[in-house]
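My notes follow in the order in which I checked things.

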Amino acid sequence: MSSATCALRSQMGQMDKTPLFGLGISIACMVVSAIVVKQYFSKMPTGCAFVTQPGLVGLLLGALPEMWKYILRYEAHSGLAEYHEQEGDTLYFDFGLLRYFMPAVVITRDPRNVKYMLKTKFDSFVKGVTFHTIGLDLLGDGIFNVDGDLWFKQRKTASQMFTANRFKQHIWKVVRKNCDKVISLLRASQEPTVDIFNVLNRFTLDSIGEIGFGTDIGSLENPESPFLGSFDAAQRLMFIRFVLPCWRLLRFLGLGPERHSRHHMQKLREYSRQIVVRLSSSLDTPAGDSFVGLFMKSGSNYSVEFLVDLVLNFIIAGRDTTAQAMSWCLFLIMQHPEVEERILQEVQSVFGDQPITYDQLFQLTYTEAVLRESLRLYPSVPMDPKCPSEPETLPDGTFVPRGTSVFYNSYAMGRSTNIWGADALEFRPDRWLNAEPKDPYEYPVFHAGPRECLGKRLAMVEMKTVVASLIKHVKLRLAVPVDAVLPDTAATLGMSSGLRCYVEMR
Ligand code: HEM
């Protein structure tokens, strides 16, 4: 090396490096800021009403505190329905800086958007990673929590369960027997009031146990079933996790709403595991013809964990939704004696003094109208999330980036004056009589398109049988003020207050 080069090196070594260093830091900061800002805006849906709060709270947390206020007051669904009336059919709830930790949430009640998501772009609007992760510890890889081939295979096998023959030979007998148990239980009750919501949950749990896995759960006989409390807690978490920042960390630490989540999930899985083990040793009995029995006999080598997922998915599908729908229906009937009288007349004219039969069930057109009407006002699945696997523009012009949680809001749709007219909030079963069939995308209470509810017919059979039998044999009266009956804030629309009634046999 020449002496000149050595001199240059030593000069450079002595130069002040601070400005260069500062420049480097500034460029790095600018690049990071640009990425952060780009991320901030790229996650942001546009073209619909923007819901946030003013000031610093809005900047940091967006609409989250407001959402939590409604959730804690059990007013999440009615609050949202009001927001829609005031702000528009499609709402983007901003979460301020928390946007980095939570998926963006868009909620729509526009039937054109619903059709686009559930039918036109079915393959793009999937359950997605957010829903799958939130539901993983409860639903695993069961039908509610998966997409693509895994979903299609389960749907194909499960749909074999609902043939006309199975309904007549097996399903109807289970429904009839458990409905008789409900009437006997009410007749024998020594208590001044009965929580009908609790009784109906036990009815649907025992029915799905027998139809779904050939298991006699026996909760109508023994109300202390370990299942009930843990199930409700798990369902509540499924809803709350969408608006709970860092819920996974909270679960890991066992804090806040996630305090007991591991305990509940373990209890549910353990109980379901026992059902699977019992069922696997009795496949050559009638239990082999149950939902889960069909999966076990299908030739595919399913793991025990997957069968546990199936049990839990079918219990959620078959228990909660139907018990809730019947309870809200009875809640409305109790406030409308003229509707009760018309059901009673219809039941008398179809069955007289004879027991209710499967073939005649279809003549209960008014009772069916009452059930449809109450599901309009109290849909068991009030909001259903989808997630676009690529950026999408909905028919109303809303742009939704990939990964946004887009909910369609059945609860708000049922109360929308745009869809139902000025009397949307009125309970009026007559609107269903002699009317054109309703567009399923305007009334998506059973979902619609390729993922339409598989148990719609079973639900209708159960609900008509129970409501008709109860009205025939029992006079129910609310034992609490109407506004003391509160909805739950969970994935499905339960009653956090229960439904306390005076019961008088007719
Ligand atoms: C009033 C009662 C019911 C209502 C309102 C209802 C509503 C719904 C809704 C909204 C969905 C779509 C959920 C989603 O996006 O994942 C659904 C799916 C489903 N329901 Fe129901 N349901 C009821 C009763 C039942 C019953 C009794 C069963 C019987 C087991 C059942 C089985 C299913 C299944 C298996 C699916 C998943 C379908 C799929 O993803 O392909 N449902 N139901």
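**Overall build**

I began with the fold and found 20 helices and eleven strands in the protein chain, where helices (H or I, at least four residues) and strands (E, at least two) are DSSP runs numbered from the N terminus. This is a predicted model, in which local features need pLDDT of at least 70 and side-chain atom pairs count only at pLDDT 80 or more, while totals for chains, interfaces and linings use all residues. Residues are numbered from 1 along each chain as its sequence is written, and side-chain values use heavy atoms, with hydrogens and water left out.

I then looked at the extent of the chain, whose C-alpha atoms fill a box of roughly 115 × 55 × 45 Å along the principal axes. Of its 506 residues, 53% are buried, a term for under 20% relative accessible area, with exposed meaning over 50% and partly exposed in between (1.4 Å probe, protein chains only).

**The iron and its ligand**

Which protein atom is the donor to the iron atom of the ligand? I found a single one, SG of C453, 2.3 Å away; donors are N, O and S atoms within 2.8 Å of the metal (3.2 Å for Na, K and Ca), and sites may look incomplete since water is not among the atoms. C453 itself lies in the loop between α19 (417-420) and α20 (456-473).

Around the ligand I noted 27 residues, each with a heavy atom within 4 Å of it, and the closest are K127, W151, R155, D384 and C453. By class this shell has 16 nonpolar, six polar and five charged residues; Ala, Val, Leu, Ile, Met, Phe, Trp, Tyr, Cys and Pro count as nonpolar, Asp, Glu, Lys and Arg as charged, and the others, Gly among them, as polar. α15 (304-334) is one of the elements that supply at least two residues each, and α15 gives the most, with six.

I also checked the oxygen atoms of the ligand: one is 2.7 Å from an N or O atom in the side chain of W151, and one is 2.7 Å from such an atom in the side chain of D384. A polar side-chain atom of R451 lies 2.9 Å from a ligand oxygen.

**A look at D439**

D439 also lies in the loop between α19 and α20, and I found D439 partly exposed, with a relative accessible area of 34%. A polar atom of its side chain lies 2.8 Å from the backbone nitrogen of Y441. The C-alpha atoms of D439 and K115 are 9.9 Å apart, although 324 residues separate them along the chain.

Note on methods: A polar contact is a pair of N or O atoms within 3.5 Å; within protein, one must be able to donate a hydrogen and the other to accept it, and residues adjacent in sequence count only if both atoms are side-chain atoms.
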